[in-house]
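Subject: Structure for you to look at, with notes

Dear colleague,

Please find the structure below, and keep it open beside you while you read the notes that follow it.

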Amino acid sequence: MTAVRFDGRVVVITGAARGLGRAYALAVAERGGAAVINDLGGSVTGEGASANPAEELAASIRAGGGRAIASPDDVGTADGAARVIAAAREAFGRVDAVIANAGILRDRTLIKMPPADFEEVVRVHLLGTAWVVQAALPLMKDQGYGRVVVTTSHSGLFGNFGQTNYAAAKLGLVGFMLALKEEGARHGVLANAVAPLAVTRLGAGVFPDEVATRLTPEHVAPVVTWLASAQCDVSGQIVLAGGGRVARAELVHGDGIRSDAPLAPEEVGRRWPEIASMSGAQAFGTISDAVRWWLGGSGFGRDSASARPMA
């Protein structure tokens, strides 16, 4: 198999100074790539800012013979994200991949959550991904090449108590990635999502020690490294990684029921077991596939790959 290398490539990593982002940046640099270390340098909950963490990692990579620059900009604003990409272009002339990893936590049950805490988590995770990718896309389009890796979460895919803000942002990123996969295809831009399971600052204290020792960033970094590389040839995938396991997830739906006439609410309740059955569940490559299947093969949208039965 061809070695995964980043020679001549430039990779922007957000939230890169510590934890998972640091592991990604080091992997890119070790394999010949130029790393743009973006990190606001704030607390786990998003307070404060310091350029030192990003600058220290960039300096360490350069001291080891690698290429790296630091960016302390806030990708949760469009202007901040644009500055990150501008710095990458000024230093290295291009942007080949974006690994969107920046995030904060403000956990609380929804009934007790201040609106500002909900909005800030969504701003950093979801908008912080959208703005930096948006800023990078024109360069990728001109190059005819790009890789985007967004960070979803088990909380977004499956839900978690006290994390409605975080879960909403993380599942939102799956939708963002799936739409970006469609938009980027014509320009050679592949987009995928990773759901990392690792103990970092954001996950400290969640798992018992005997489990935490297995959940290191080093188990996740190889997966993200491949997804961000030229060797990656898949797009629109959700990949779960951590603790020695890597797997793919899909959004699917079952066959359900059909009725030419609108159902009465009572009929919905009576037939709920049929509606809820996942027998014959399907995974769809595009919205066109999904809606065409839903309408029984009626024409909708452009032609694309057929539905795939769930294994």
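A residue is called buried when its relative accessible area is under 20%, exposed when that area is over 50%, and partly exposed in between, with a 1.4 Å probe and protein chains only. Helices (H or I, at least four residues) and strands (E, at least two) are DSSP runs, numbered from the N terminus. Please bear in mind that this is a predicted model, in which local features need pLDDT of at least 70 and side-chain atom pairs count only at pLDDT 80 or more, while totals for chains, interfaces and linings use all residues. Residues are numbered from 1 along each chain as its sequence is written, and side-chain values use heavy atoms, with hydrogens and water left out.

The sheet

Eight strands form an open sheet in the order E3-E2-E1-E4-E5-E6-E7-E8, and their pairing is mixed; two strands are said to pair if DSSP finds at least two bridges between them. At the edges are strand E3 (67-71) and strand E8 (245-249), each of which pairs on one side only. From one strand to the next the twist averages 20 degrees, where axes are lines fitted to C-alpha atoms, for helices over the stretch in contact, and angles run from 0 to 180 degrees between N-to-C directions.

Asn38 counts as buried, at 2% relative accessibility. Contact means heavy atoms within 4.5 Å, and, if residues up to four places away in sequence are not counted, Asn38 touches several residues, including Ile13, Thr14, Ser71 and Asp73.

Which way do the residues of E4 point, and are they buried or exposed? Ala97 and Ile99 point one way from E4, Val98 and Ala100 point the other way, and all are buried. E4 pairs with E1 in the parallel sense over three bridges, and Ile99 in E4 is the bridge partner of Ile13. E4 also pairs with E5, again in the parallel sense, over four bridges; here Ile99 has Val149 in E5 as its bridge partner, and Ala97 stands opposite Arg147.

Ala97 itself counts as buried, at 1% relative accessibility. Leaving aside its neighbours within four places in sequence, Ala97 is in contact with Val10, Val11, Val12, Met140, Arg147 and Ala228.

Six of the six residues of E5 are buried, so this strand is largely enclosed by the rest of the structure. Gly146, Val148 and Val150 point one way from E5, while Arg147, Val149 and Thr151 point the other way. E5 pairs with E6 in the parallel sense over six bridges, and in E6 it is Ala193 that stands opposite Val150. Together, E4, helix H4 (residues 115-143) and E5 make a right-handed β-α-β unit, where right-handed means that, with the strands pointing away from the viewer, the path from the first strand over the helix to the second runs clockwise.

Helices on the sheet

Helix H1 (residues 19-30) lies across strand E1 (10-14), E2, strand E4 (97-100) and strand E6 (189-196), and runs at about 170 degrees to E1. Helix H8 (residues 217-227) also packs on the sheet, where it touches E4, strand E5 (146-151), E6, strand E7 (238-242) and E8, and its direction makes about 150 degrees with that of E7. The buried residues of H8 are Pro217, Val220, Ala221, Val223, Val224, Thr225 and Leu227, and they pack against H1, E4, E5, E6, E7 and E8.

A loop residue and a ring

Thr200 lies in the loop between E6 and helix H7 (209-212), and it is buried, with a relative accessible area of 18%. Not counting residues up to four places away in sequence, Thr200 touches Gly19, Leu20 and Pro217.

Finally, Arg9 lies over the face of Tyr145, at 4.0 Å from the ring centre; a charge sits over a ring if NZ of Lys or CZ of Arg is within 6 Å of the ring centre and within 35 degrees of the ring normal.

With best wishes
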